[in-house]
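Work through these exercises with the model open beside you. Try each task before reading its solution.

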Protein chains: 2
Amino acid sequence: MLSASESLLPKGIKDFLPAKAAKIAYLRQILEDVFSRWAFRPIIPPSLEFLHVLERGLGEGLQEKTFRFDDRQGGRLVAFPPDITPQVARIVATRMREAPLPFRLSYTGRVLRHTEEQAGKDRELFQSGVELIGLQSPEADAEMIAMAVECLQSLGAEDFTIDIGQVEFFRGAIEGLPASGVLSLEIQRAIARKDVSELRKMLEEIPLTDRKREEILALPRLFGGREVLERAAGVVTNDRSRRALENLEQVLKVLDVHGVEDYITFDLGELRGLDYHTGIIFQGFLEGIGRAVCSGGRYDNLIARYGLAAPATGFTFNLLNLLFSLDRKLDEAVAPSTDALIFQPDPDKLPAQRIARALRKRGYSAARDMLPRGLDETIVYAEKMNYRFVMVVREKGGEVRIIRLADRSERTLPFNEVLADHFVL
Amino acid sequence: MLSASESLLPKGIKDFLPAKAAKIAYLRQILEDVFSRWAFRPIIPPSLEFLHVLERGLGEGLQEKTFRFDDRQGGRLVAFPPDITPQVARIVATRMREAPLPFRLSYTGRVLRHTEEQAGKDRELFQSGVELIGLQSPEADAEMIAMAVECLQSLGAEDFTIDIGQVEFFRGAIEGLPASGVLSLEIQRAIARKDVSELRKMLEEIPLTDRKREEILALPRLFGGREVLERAAGVVTNDRSRRALENLEQVLKVLDVHGVEDYITFDLGELRGLDYHTGIIFQGFLEGIGRAVCSGGRYDNLIARYGLAAPATGFTFNLLNLLFSLDRKLDEAVAPSTDALIFQPDPDKLPAQRIARALRKRGYSAARDMLPRGLDETIVYAEKMNYRFVMVVREKGGEVRIIRLADRSERTLPFNEVLADHFVL
C-alpha cells in the first residue's frame, strides 16, 4: 500500500485537481489571448535539450538548478529546461534565420528547477511568456511593460505594480570597484538585501572618493516612484549608469503614451534579472504579495550565443504565482460547475442520449448518470460534483423534469421542447 | 558556433515553429472543448514522479521506455512519465478518495518515451485525453468510443475508423496453451503480425484439439466489420472469450444508439492495448494513415495498484499523429495570419498606439512596426510575416490608409472612424 499522499511526489512537485487546474487553464487562456492580440505567435520548444546546448543560454544561477541526466539513447547529457527563453534564442538563431526580423513569439510551457533544500518551493513552474526579437529601441521595452500591464488587467488584477530596474545602472555603479572578488560579491548582496549599514561598513574597507561612495550607498534606496530617477541623476558618477538612466527615461516616455504610468515603480538597486539581461528589467507584483507574478527584461547578447546577433526583450508569467495571488478572485471567473447530469431510469437510453447530444451541441456540458441508483442518490452525487441541474429523462416523447440544484426549483418540459434550438437551460 | 539544426536536439525531440505550434494549439482546444461538453474536468499531473510510484502503474513495455534519473534533491530515482493514465490513477486513488464516483477527468500533457534506436520516432508525445472512473458498465465504454468519434468529427476528419478489440477475447483464446513461455510469446507475436502460416507451424508443435487450433488460427483473421463478431462466435471454445464477445455486443448496442456505427471496425487479434487494459480497447485511424491518432480502453485493475478498487476506461489523442494526419486540412481552420501591422513614420507614436489599442480591443491582432524603415520595406516584411493589412497612421485626427496585402487594394478612413466601435478591418 502507498501511504500519505505527501510522500508520493518528489519535493516541490504538485498535482493540480480540477478546481485549480481549471484556474490554471483560464490564466493561460487569458494570457495567450493578450499575446495573440499583440500579434505574438506561438512556438513550442521541447521538454528535453542537450545540456551543452542549453547551457550556452543559461546563467550560472540556472545552470546549478538544471535537472540533468544521461540520455540512454545518444549517450550525451540531456537536460530538462529551467528557462524557456534560451530555447527560444536557440530556435530563432538556428531555425528562423531566413525570416525577417522582428519576431514576436509566445510560448506556454513547464520548466523544472532545483531549489534550496529547505525552501519548500515549487520545482515545477508553469510559464506563459513572449519574446520580442530584433528590436533595440526603447519602444520595444515599453511594449513589453505595456503588455504585462494589459495581461494583469485582463486577468482582473486591480492593485498591482510593475517594478522596473536597469541592470546597466547597477553595473555602472559597481564597475571597477577596487574590491576583491569576494568582497565585491558581498557588496552586491548587501545592496540586493537593501542592507545600508552593512554596505557602509564594507565600503569603508576600500578606497573610494566620497561621490563614488555616495553613489553606491544610494543604490539600496533608489526604489519608489518616478522621483527615483531624479535622485539617481543626482548621485550618478559614471557614464554607464548615466546611459542607463537615459534609456529608462526614453522607455518611460513611451509608457506615458501607453497610459500605464500608474502601475510603474522603480528599483535601481534591483539585481533580480537572470544574468543574460542587458538593460531594462521588470517584475510584476500584486498588492500585498511578495512573489513576482511576472518578470522580464532586455537580453541583447543571448541570441548571439546561438549564432545570431539580435537584440531582444521579453517577459514571462509564473502561472502558479498568479494562481496563488488571484485564487479567490478566480472563483468568480472560473465556474467550477458542470451544467447537467441526466438521470435516465428506463432501460432505453436513447432519449437521454438525444437530450445530452442536443445540450452539448448548444455548448452546455452534460453527462448521463450511468450507475443504477435512485434519483435521490443521483441528486446527492450531482450536488457534490457541482452540477447545476439534474434532468430526469424517461421515454421518448414524454416529459423532461429539470431540477435546479441551487434552489431545488423545478420545471417540466415536453421532450421536444428540450431538443429545440431555442431551449435555454 | 553551433552547426546544423539537426544535431542541436536529442533524437526524436522537435521544436514546433509558429505554423505547426498554432495547429497543435488548435487541436488541443477542439479536443478540450469536446471533453468539457461531455462534463470532463481538467487535472494536471506533474512532469516528474518517483520512479517506484510511477512504475506501479506502468506495464513492462513502458517501464523500459521511461526516462529515469537520480533526483539530486531527495536522492531517489525519479522519472518523466511515459503515460499519463497511471498518474491519473495515482491521483484518484490517493487524493480524491473523499469525492463520490464516477469521475470524469481530462488532461493535456507531454510524455517522454524512449524508442527503438533506428526508429526515428518521436520521443516527446503530446497527449490530450480523458478518464472515466468508477463505471463498470458497457455504457461507459460506449461513451469513450462515442466521444472519440465526436472529437474526430469536431476536428474536421472525414474518413476515419475506430478499431475495437477486447483483450479478454484474446486472453481467453491463448490461456492455458500447453506451450513454453518462449513459444507462447512467439505465438502471440505471430498473431499480432497476422502471420497465419507461421502461426500454423507453431501450433503443430503442441497438442491441441482441432477446435482449439481453429480458434487460435482464427485470431489473426478476426478483423473487419460487424460480421467479425459472428465469425468469432462460431469458433470460440472458451468461456472467457465468450464473455468478452457478450461484452462487445453490449457496447455495440449502446453505440448503435449513439449513431456512430459507421465508423466502427473490429480486430479481435489485436494486442495493442497497454498491458493494464482489461476489456474493450480501441484505436482511431484516419483513412490511409497507419499511425493511430487516438487509443484507449478499459483498465479495471490499474487504480487498485494505488490503493483504490475502481473500474475505469479512457482514451488519449496523440496530437502529433493528428497533426501529421490533418496537417493540410488544418491550413483552413488555423489562420496563420496576423491582422494588422501599423506603420507610423511620425515621431509622435500616440496615434498609432491608440489605433493598435482600439483594434486589439475589438479582438484583432495588431503590432506596430518599430524599425526605422520606409513603407515599402514595411510592406515586404508584413507580407513575409503573413500580416493581412498594413495601416499607415500619421498624426492624430489625420487619415488612416489601410492596405490589404492580398490584393494591394486600399482605402483611406478618418482617424476617428478607425477608432470607432463599428469599425471592421
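Domain bounds here come from an automatic or database domain assignment. This is a predicted model: local features need pLDDT of at least 70, side-chain atom pairs count only at pLDDT 80 or more, and totals for chains, interfaces and linings use all residues. Residues are numbered from 1 along each chain as its sequence is written, chains are lettered from A and ligands numbered from 1 in the order in which they are written, and side-chain values use heavy atoms, with hydrogens and water left out.

**Exercise 1. Find the domains of chain A and the separation of their centres.**

Step 1. The assignment gives domain 1 (18-332) and domain 2 (338-419).
Step 2. Taken over C-alpha atoms, the centres of domain 1 of chain A and domain 2 of chain A are 51 Å apart.

**Exercise 2. Check the length of helix α1 of chain A, then list its buried residues.**

Step 1. Helices (H or I, at least four residues) and strands (E, at least two) are DSSP runs, numbered from the N terminus.
Step 2. The expected span of a helix is 1.5 Å times one less than its number of residues.
Step 3. Helix α1 (residues 18-37) of chain A has 20 residues, so it should span 28 Å. Its end C-alpha atoms are 28 Å apart, which agrees.
Step 4. Buried means under 20% relative accessible area, exposed over 50%, partly exposed in between (1.4 Å probe, protein chains only).
Step 5. The buried residues of α1(A) are Pro18(A), Ala21(A), Ala22(A), Lys23(A), Ile24(A), Leu27(A), Ile30(A), Leu31(A), Val34(A) and Phe35(A).
Step 6. Look just past α1(A): Ala39(A) has a positive phi of about 75°.

**Exercise 3. Work out how chain A and chain B are related.**

Step 1. Two copies of a chain are related by a rotation about an axis and a shift along it.
Step 2. Copies are superposed by least squares on the C-alpha atoms of residues with pLDDT of at least 70 in both.
Step 3. In chain A, Phe69(A) has the C-alpha nearest the axis, 3.1 Å from it.

**Exercise 4. Describe the contact between chain A and chain B.**

Step 1. Contact means heavy atoms within 4.5 Å. Chain A gives 100 residues and chain B gives 100 residues.
Step 2. The copies meet through the same surface, because 100% of the interface residues of chain A are also interface residues in chain B.
Step 3. Buried area is the accessible area (1.4 Å probe) that two parts lose on being put together, summed over both. Here about 8,900 Å² is buried, 57% of it on carbon and sulfur atoms.
Step 4. Ile44(A), Gln73(A) and Met370(A) supply 9% of the area that chain A buries against chain B, more than any other three residues.
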